Amino acid sequence: MDTGVDFLLQTMLGEKSMEKKVCNISKKCGGCQYQNMIYKEQLKKKQKQVEKLLGSFCKVYPIVGMEYPYYYRNKVHAVFQREKNGNIISGVYQAGTHKVVKVDDCLIEDQLADKIIVSIRNLLKSFKIKVYDEDTRYGLLRHVLIRVGKKSGQVMVVLVVGTPIFPSKNNFVKALTKLHPEISTIVLNVNNQKTSMVLGEKENVIYGKGFIEDTLCEHVFRISSKSFYQINVSQTERLYQKAIELANLKGKERVIDAYCGIGTIGIIASEKAGEVIGVELNKDAVKDAIVNAKRNQIKNIRFYENDAGKFMVGMAKQGEKADVVIMDPPRAGSDEAFLSSVLTLAPKRIVYISCNPETQARDLKYLTKHGYKPEGVYPYDLFPWTSHVETVTLLQKVNS
Ligand code: SAH
């Protein structure tokens with residue numbers, strides 16, 4: 001099938017996307033599975049993958065790639081480790097191990113974030129701060145997480161520590177913000193558990209407001225350390241614009257934004273809808289979502305903290321209806337509780353955003369068996385150099 005992808009690539013991709021930067025640690029790091037391919041080939045491969053998994057349902061449109069597929073990650077994580085010779089390194093876990101690969105700069109991470117991480121590493125010595133040792137559970141600094149508002153320029157630094165006592169905390173903050181005045185807020189997160197999770201429960205704001213704001217599709221969003229926020233903002237704007245176009249709202253509809261995170265999609269859609277109901281499991285994200293609605297002066301949206309499946313079952317039991325369901329589940333996809341309740345709510349349209357075409361295929365199979373017809377799959381490249389691909393699919397209720 002001619003997808004027109006070559007034509008689209010020629011028209012969309014700037015010359016800059018064709019230059020290939022080389023990463024010297026890609027084999028050890030393992031984060032970028034498509035490092036050995038030029039960008040155009042990566043897009044073709046993703047297009048083929050989506051066609052293979054979803055092409056039997058309906059037309060797959062040409063993938064939308066980035067003009068300049070570098071430094072796009074607005075969230076950067078580094079783990080800290082002391083090497084046998086005493087040197088402190090920071091970087092990522094080597095794929096499938098607990099060995100740290102040193103990363104000073106990465107081709108897909110925000111460049112300022114990488115610089116801040118190196119500065120923190122350099123400050124450790126003068127402040128005599130020890131790196132946390134996972135085996136002995138001694139030491140202080142475990143991870144650093146940085147979130148950057150690509151549009152706002154605001155920067156959040158999260159210092160993940162093994163114990164809540166951070167000696168000369170104030171001087172450390174002073175030294176770091178002097179080196180990087182761009183930093184808007186610093187959060188101390190305590191994680192003393194033996195876990196592969198980066199962030200612990202407890203948090204203390206030690207500089208600034210404890211959150212950053214960023215603009216997405218002309219709306220301002222507050223993002224806190226634990227809330228989900230898409231890591232590639234320019235591509236997300238394209239994806240969400242398409243999702244909202246597919247929802248085809250005329251101003252009166254009741255819309256459900258399921259797996260809504262900090263409320264992004266629902267808030268962007270709310271101006272075109274009668275009413276929006278958002279549901280999300282993460283309590284910090286729901287708090288952000290409520291603030292975000294106020295911040296954008298949106299009055300026709302409500303958020304619920306709940307498992308999306310349970311929430312939908314509850315709505316179905318109460319005989320509630322919806323005109324449009326927009327859903328954006330995590331990689332595992334949705335579940336039968338959710339999907340079967342969607343059938344009871346009987347929306348005319350379902351707009352299904354997915355970061356995993358395999359689970360989307362499974363869920364589309366269920367929905368097609370039960371009265372919905374997929375009308376088009378639109379792939380977006382949110383994760384250049386990796387094998388991940390994002391899709392948005394429109395489903396229409398048959399006979400509506
Ligand atoms: N639509 C949002 C978030 C998408 S990511 C955005 O674009 O920013 C998926 C979201 O689903 C995450 O915020 C995650 O916390 C949430 N989530 C995961 N499992 C869930 C469940 N069972 N019920 C509700 N939300 C869930």
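Visitor: How many bridges join strand β1 (residues 75-82) to strand β4 (residues 141-148)?
Guide: These two strands run antiparallel. A strand here is a DSSP run of E with at least two residues, numbered from the N terminus, and two strands pair if DSSP finds at least two bridges between them. For β1 and β4, the number of bridges is 5.

Visitor: In β4, which residue is the bridge partner of Ala78?
Guide: First, a word on what you see: this is a predicted model, where local features need pLDDT of at least 70, side-chain atom pairs count only at pLDDT 80 or more, and totals for chains, interfaces and linings use all residues. Residues are numbered from 1 along each chain as its sequence is written, and side-chain values use heavy atoms, leaving out hydrogens and water. Across from Ala78, the bridge partner in β4 is Val144.

Visitor: What does Gly86 have in the turn between β1 and β2?
Guide: β1 is also joined to β2 (residues 88-93), antiparallel, by 4 bridges, with Arg82 and Ile88 as one of the partnered pairs. The two strands form a hairpin with 5 residues between them. In that turn, Gly86 has a positive phi of about 95°.

Visitor: What is the average twist from one strand to the next in the sheet with the order β3-β2-β1-β4-β5-β6-β7?
Guide: This open sheet has 7 strands and mixed pairing. At its edges are β3 (100-102) and β7 (202-207), each pairing on one side only. With axes fitted as lines to C-alpha atoms (for helices over the stretch in contact) and angles running from 0 to 180 degrees between N-to-C directions, the twist averages 35°.

Visitor: Which residue in β14 stands opposite Met327?
Guide: β13 (residues 324-327) and β14 (residues 349-354) pair in the parallel sense over 4 bridges. Opposite Met327 stands Tyr352.

Visitor: How many residues surround the ligand?
Guide: A residue is near a molecule if one of its heavy atoms lies within 4 Å of it. The closest are Tyr240, Glu280, Asp307, Ala308 and Asp328. The shell divides into 8 nonpolar residues, 4 polar and 3 charged, with Ala, Val, Leu, Ile, Met, Phe, Trp, Tyr, Cys and Pro counted as nonpolar, Asp, Glu, Lys and Arg as charged, and the others, Gly among them, as polar. The number surrounding the ligand is 15.

Visitor: How much of the ligand's area does the protein bury?
Guide: An oxygen atom of the ligand is 2.6 Å from an N or O atom in the side chain of Glu280, and a nitrogen atom of the ligand is 2.9 Å from one in the side chain of Asp328. Taken alone, the ligand exposes 570 Å², an area from the Shrake-Rupley method with a 1.4 Å probe. Of that, the protein buries 86%.

Technical notes. A polar contact is a pair of N or O atoms within 3.5 Å; within protein, one must be able to donate a hydrogen and the other to accept it, and residues adjacent in sequence count only if both atoms are side-chain atoms.
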